[in-house]
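Please keep the sequence and the model open while reading.

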Amino acid sequence: MSNLVQVSKNNDIAVITINNPPVNALSPGVPEGISEAIDQINADNSVRAAVVIGSGRTFIAGADIKEFEKITSGQNQRGVGLLPLLLKIEDSRKPVVMAIHGTAFGGGLEVAMAGHYRVASPDGQVGQPEVKLGIIPGAGGTQRLPRLAGVAKAVEMCAGGNPVKAPEAAKIGIIDRVIEGDLLSGAVAFAREIAGKAAPKTRERNEKLGTAEQNQPIFTAARENASKKQRNMMAPQAAIHAVEYATRLPFDQGCEMEARLFKECLFSDQSKALIHVFFGEREVAKVPDIPKETPIIPVNSVAVVGAGTMGGGIAMVFANAGIPVLLKEADQAALDRGLATIQKNYANSVKRGRFTQEYVDQRLKLIKPTLSYDDFGNVDMVVEAVFEGMALKKEVFKELDRVCKQGAILASNTSTLNIDEIAASTSRPQAVIGTHFFSPANVMRLLEIVRGKATGKDVIATCMQLSKKLGKVGVLVGNCRGFVGNRMFHPYRREAQFLVEEGATVEAVDKALYDFGMAMGPLATGDLAGLDVGWRIRKEYRHLEKPGVRQPMAEDRLCEQGRYGQKTGAGWYKYDENRRAIPDPEVERLVRQGAAEANIPQRQISAQEIVDRCIYALVNEGARILEEGFALRSIDIDIIYLNGYGFPAYRGGPMKYADTVGLKKVYEQIQEFHRQHGETWEPAPLLKRLAEESKTFADFNKEKSASA
Ligand code: 3H9
């Protein structure tokens, strides 16, 4: 028998243990091993029932996701091939009890549902998260789950992808018993109770499948919900169809329809992109020159300097992770304002049901306001979040160097400034690092961790690990202007402005990118973030602009009129009291007037051109960043864009999107833009090379790791 699955005996009960660390995925060998084990227990007269359990930290966490790429590229012709195994388990003459701890996800839950009974430890979870990978359950999950949990719950789980904890799973019928204490002995005892009794087959349990009248409203509501919350995604809609088949067709035919939909999803670009994201989120935690064994600095207390929007949000992030935080401001009025905002944000979370009042009270107790640096000597880490100006930052870091203990991490939340220059104002540049949170800091998942040339490896490793504890995705980036995210965002927003200046309406630009899948259009995003920030930066760096190179002018015009965006009630749009954006003819007038003065010819611009101009501007800058080494891999850029800039996950991020379109095509279009619009569109050398060699950014990652 395969060493991935073992059979042992506890007197009359067989125990089938799956042993495929780290998560007992159904990799090749595991289904075969289970199948042999079922044969073995059925052939053994001394066995009355069997328990299936996972070794290590979990039951089966699903199919082996790595196999999917092999299937779509033709390397794996067999498929995952679970359906016959599940029928075999269900048809076993000896009853099979599935013992669940950790996560019975995807194919794991499908295996569990083919058992005759399921027991679970209280912290066990069950789920069909396939939609998060752009696919649907492909081994009968959409057919068996409604038979156990009812149609409404099955639709919710298969289309939404979120797991259910054991106690709730027991309530809705997925699990037969929650076992306190040792799971294996509880499961064996349970198996003894049911041995010899008629074993129920899930596929024959039709009593929860409902009637057409009962089900219709469930499917209609689910489809509407999915089209809003999982906009443009095909898998959730396919999952709903598949569950609907369970209610209309006999089990076998339902499985055939499920298999068809599964295959369509698996071969889609969306699924390839989402699988890229799944592995990418894990990949970014790995930094080639920082080994796993690098010592971690314990961070048990922190201080945040600056209680403005960012500082206050960052303080909440630490408090939410249970870490006490000193929050420092320069004067009492600013401190009071900062604290009031934190309280208001927490109160809103309670109102929306995200947190309980008790939880919030505990968090607030962890935030200690202060006007001095007096207690800074005790903290393990400081995050500076003062106004974005080099002189002020240097002053703060000089002070931190004076008051903080040796070994403390000194982090700056700067979004654009040079970390090395900041570090040079201290006597310990190895302790200085950038931790660039995204606004609102307590909501956005992205944390750009900026490595200075002197930053210590222990400081980097600590921040990477800490990001997880804070509920963030930490991505290590190099120290260049704007780092990775904002450096790329600059040409993206520049193109959005150019398009308006060339004749597109504000709404057309935003709509094209929203329809592409961005959470918001680039102009509406500017209004949300505040147009004055960019205006101030542009003025500060005007001396660096190359003469003769076109610069956007529309936003400067808006700012000159005091239109800073949502905070002033007007920017690219007007805003009503509910902050709803309303198109404003005054903006149109200002832009057309500016365009006429600058002799910019006006023309009709298609949605496709809007998308290509904006997204390829991201890609071209991303290629430069990659080549210059400021991002470790193209996936790092993708993860930044998905978690910090509202890029749609089902497109995998800007670099993956370019790989999907084909770099040759992207390069040719960029060459065309270069001819039409000049210097700003000069193709990145890396893009040119990869396109000419018919390669992808993913190939570049491989080249790079092979040469390391
Ligand atoms: C499916 O089942 C389709 C079916 O309908 C059948 C169709 C026929 N495969 O996340 P972690 C790796 S679709 C391969 O850091 P955690 C992961 O890459 C599948 N590898 O741990 C990582 O590797 P590395 C449905 C997998 O404790 C390591 O394991 N199932 C898989 O934070 C540790 O992972 C899912 O979508 C896998 N299935 O979280 C579940 N899962 O160390 C996906 C993990 O080299 N998995 N790896 O970076 C998860 O959600 C989380 O991994 C889990 C553990 C919650 C299980």
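Arg550 lies over the face of Phe498, 3.7 Å from the ring centre. A charge is taken to sit over a ring if NZ of Lys or CZ of Arg is within 6 Å of the ring centre and within 35 degrees of the ring normal. The model is predicted, and local features need pLDDT of at least 70, side-chain atom pairs count only at pLDDT 80 or more, and totals for chains, interfaces and linings use all residues. Residues are numbered from 1 along each chain as its sequence is written, and side-chain values use heavy atoms, with hydrogens and water left out.

**Charges over rings**

- Besides Arg550 over Phe498, the charged end of Lys539 sits over the ring of Trp535, at 3.6 Å from its centre.

**Aromatic pairs**

- A pair of aromatic rings is described by the distance of the centres and the angle of the planes.
- Rings of Phe, Tyr and Trp (its six-membered ring) pair if their centres lie within 6.5 Å; planes under 30 degrees apart count as stacked, over 60 as edge-to-face and the rest as tilted.
- The search of the whole structure finds 15 aromatic pairs.
- Phe438 and Tyr645 form an edge-to-face pair, because their ring centres are 5.4 Å apart and their planes stand at 75 degrees.
- This pair links distant parts of the chain, 207 residues apart: Phe438 is in the loop between β15 (432-437) and β16 (446-451), and Tyr645 is in the loop between α26 (634-644) and α27 (654-661).
- Helices (H or I, at least four residues) and strands (E, at least two) are DSSP runs, numbered from the N terminus.
- Phe438 has 7% relative accessibility and counts as buried; Tyr645, at 11%, also counts as buried. Buried means under 20% relative accessible area, exposed over 50%, and partly exposed in between (1.4 Å probe, protein chains only).
- Phe489 and Tyr645 have ring centres 5.0 Å apart and planes at 50 degrees, so this pair is tilted.
- Phe489 lies in helix α19 (residues 485-501) and Tyr645 in the loop between α26 and α27, so the pair ties together parts that are 156 residues apart in sequence. Both Phe489 and Tyr645 are buried.
- Phe438, Phe489, Tyr492, Tyr641 and Tyr645 are linked into a cluster by ring pairs.

**Helix packing**

- Helix α9 (residues 212-229) packs against helix α10 (residues 234-248) at an angle of about 170 degrees, with the axes 9 Å apart. Axes are lines fitted to C-alpha atoms, for helices over the stretch in contact, and angles run from 0 to 180 degrees between N-to-C directions.
- α9 and α10 are therefore roughly antiparallel to each other. Angles under 35 degrees count as roughly parallel, over 145 as roughly antiparallel, 65 to 115 as roughly perpendicular and the rest as oblique.
- On the α9 side the residues include Phe219, Ala222 and Arg223, and they meet α10 residues including Ile240, Val243 and Glu244. Contact means heavy atoms within 4.5 Å.
- The residues of the contact of α9 with α10 divide into 6 nonpolar, 6 polar and 3 charged. Ala, Val, Leu, Ile, Met, Phe, Trp, Tyr, Cys and Pro count as nonpolar, Asp, Glu, Lys and Arg as charged, and the others, Gly among them, as polar.
- α27 and helix α28 (residues 663-677) pack at about 100 degrees, with their axes 5 Å apart, which makes α27 roughly perpendicular to α28.
- Ala658, Asp659 and Val661 of α27 make this contact with Leu663, Lys665 and Val666 of α28. The contact residues of α27 with α28 divide into 4 nonpolar, no polar and 2 charged.

**Single residues**

- Glu67, in helix α2 (residues 65-72), counts as buried at 8% relative accessibility. Leaving aside neighbours within four places in sequence, Glu67 is in contact with Pro28, Asn76 and Arg78.
- Asn442 lies in the loop between β15 and β16 and counts as buried at 14% relative accessibility. Neighbours within four places in sequence aside, Asn442 is in contact with Gly313, Met316, Val317, Arg354 and Lys472.
- Pro683, in the loop between α28 and α29 (685-692), counts as buried at 14% relative accessibility. Not counting residues up to four places away in sequence, Pro683 touches residues including Asn620, Arg624 and Tyr667.
- Ala340, in helix α14 (residues 332-351), is partly exposed, with a relative accessible area of 39%.
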